[in-house]
Amino acid sequence: MASRDDIKFLSNPNIGSLRKKYCRFRKYGIRHVDYKDPDFLLQFINEQGKVLPRRITGNSLKYQRKVATAVKRARHLAILPYVADLLK
Amino acid sequence: MNQYEVTFIVDPVLSGDEIKSTAQTYVDLISKEGTIVHTDEMGLRQLAYPIRKRTTGVYYCIEFQVPNGEMISKMELAFRRDERIMRFLTVRLDKFGIKFNDDRRNGLIGKKKSDKKEKDAPKETAKKAAPAKKAAHKPLPKSAPKAVQEVAAAAVSAAPVVPVTASKSEEE
């Protein structure tokens with residue numbers, strides 16, 4: 001059996017783990033999510049208008065909930081659509 | 001004294017005077033009971049979906065303080081009865097919301113230019129807002145957290161977070 005020293009990879013096996021995920025609200029000290037701001041909220045919804053999951057956006061739970069309620073309020077006020085396609 | 005914010009949409013087919021007078025009646029109604037902090041006429045906007053067969057609406061946002069919460073339900077009843085109001089939403093603002101609105105009125109939220117804003121408030125609620133059309137009388141002083149956030153937003157949205165198995169990263 002080849003010892004570990006003999007194994008050579010064509011590309012660095014650690015290559016993918018460099019991207020650290022973080023909650024942008026925590027990091028930049030944003031405490032409030034405004035529902036009246038569609039340009040900001042567009043970051044958190046996909047092209048169909050659905051709210052993106054937390055594992056994609058990297059939000060912490062607290063801010064993911066705030067974002068979700070903000071999106072729902074915006075939908076109620078017709079600032080964002082409920083159903084769409086090619087939103088972005 | 002709790003601070004509330006009510007956003008409502010007025011039917012756009014009315015004449016400009018009627019729209020203004022409709023909004024004014026509610027401004028007066030509120031100012032009788034409490035103090036108005038700010039009224040924001042967001043103007044005619046495209047709706048994301050048709051409401052009552054209309055595709056545009058005139059948005060108003062009133063921020064106010066009342067000592068007693070009872071008038072909220074009276075106000076909402078008046079909104080419901082009024083046929084010229086298509087939608088409304090009343091929200092109670094917590095301290096972060098109040099601070100956010102204050103900062104936005106003072107122009108502290110927007111695109112960054114100078115670095116001095118970074119030292120001002122590390123906890124400042126900086127946000128990628130589009131208040132350019134509404135707020136700034138002066139050019140928006142840029143706040144550092146905002147631009148960093150923009151870069152981060154671009155970075156995060158361009159390369160979505162994938163835990164662990166990184167060799168195949170899903171393109172968003």
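Reader: Is B:V58 buried or exposed?

Author: This is a predicted model, so read every value as computed from it. B:V58 counts as buried, because it has 22 C-beta neighbours inside 10 Å. The cut-off for buried is 20 or more.

Reader: Where does B:V58 lie, and which residues does it touch?

Author: B:V58 lies in strand 3 of chain B. Leaving aside residues up to four places away in sequence, it touches B:I9, B:V10, B:P12, B:I19, B:G43 and B:L44.

Reader: How do I read the pairing of strands?

Author: Start with the general idea. Strands of a sheet pair through backbone hydrogen bonds, either parallel or antiparallel. Now the case here. Strand 1 (residues 2–10) and strand 3 (residues 54–66) of chain B run antiparallel, joined by nine bridges. Two places to check are B:F8, whose bridge partner in strand 3 is B:Y60, and B:Y4, which stands opposite B:F64.

Reader: How many bridges pair strand 2 of chain B with strand 3 of chain B?

Author: There are 11 bridges, again in the antiparallel sense, and strand 2 covers residues 35–51. For one pair, find B:R45: its bridge partner in strand 3 of chain B is B:G57.

Reader: What is the strand order of the whole sheet?

Author: The order is 2-3-1-4 in chain B, an open sheet of four strands with antiparallel pairing. Strand 2 and strand 4 (85–92) are the edge strands, each pairing on one side only. On average, neighbouring strands are turned by 20° against each other, direction ignored.

Reader: Which helix packs on this sheet?

Author: Helix 1 (residues 16–33) of chain B does, touching strand 1, strand 2 and strand 3 of chain B. The direction of helix 1 makes about 15° with that of strand 3.

Reader: What length does helix 1 of chain B reach, from first C-alpha to last?

Author: Helix 1 has 18 residues and reaches 27 Å, close to the 26 Å expected at 1.5 Å a residue.

Reader: Which residues of helix 1 of chain B are buried?

Author: First the general idea. An α-helix has 3.6 residues a turn, so residues three or four places apart point the same way. In helix 1 of chain B, B:I19, B:A23, B:Y26 and B:I30 are buried. Seen down the axis of helix 1, its buried residues fall within an arc of 55°, so they line one face. Strand 1, strand 2, strand 3 and helix 2 (70–81) of chain B are among what covers them.

Reader: Which exposed residues does the face turned away carry?

Author: On helix 1 of chain B, the face turned away from the buried side carries B:D17, B:S21, B:Q24, B:D28 and B:K32.

Reader: How do I read a phi angle in a loop?

Author: Most residues other than glycine have a negative phi. Go to the hairpin of strand 2 and strand 3 of chain B, which has two residues between the strands. B:R52 has a positive phi of about 50° although it is not a glycine. B:K53, in the loop between strand 2 and strand 3, has a positive phi of about 70° and is not a glycine either.

Reader: Are B:R52 and B:K53 buried or exposed?

Author: B:R52 counts as exposed because it has 10 C-beta neighbours inside 10 Å. B:K53 is exposed, with 6 other C-beta atoms within 10 Å. The cut-off for exposed is 12 or fewer.

Definitions and conventions: Residues are numbered from 1 along each chain as its sequence is written. Chains are lettered from A and ligands numbered from 1 in the order in which they are written. This is a predicted model: local features need pLDDT of at least 70, side-chain atom pairs count only at pLDDT 80 or more; totals for chains, interfaces and linings use all residues. Two strands pair if DSSP finds at least two bridges between them. Two residues are in contact if their C-beta atoms, placed from the backbone, lie within 7 Å. Axes are lines fitted to C-alpha atoms, for helices over the stretch in contact, and angles run from 0 to 180 degrees between N-to-C directions. The expected span of a helix is 1.5 Å times one less than its number of residues. The arc is that of the directions from the helix axis to the C-beta atoms.
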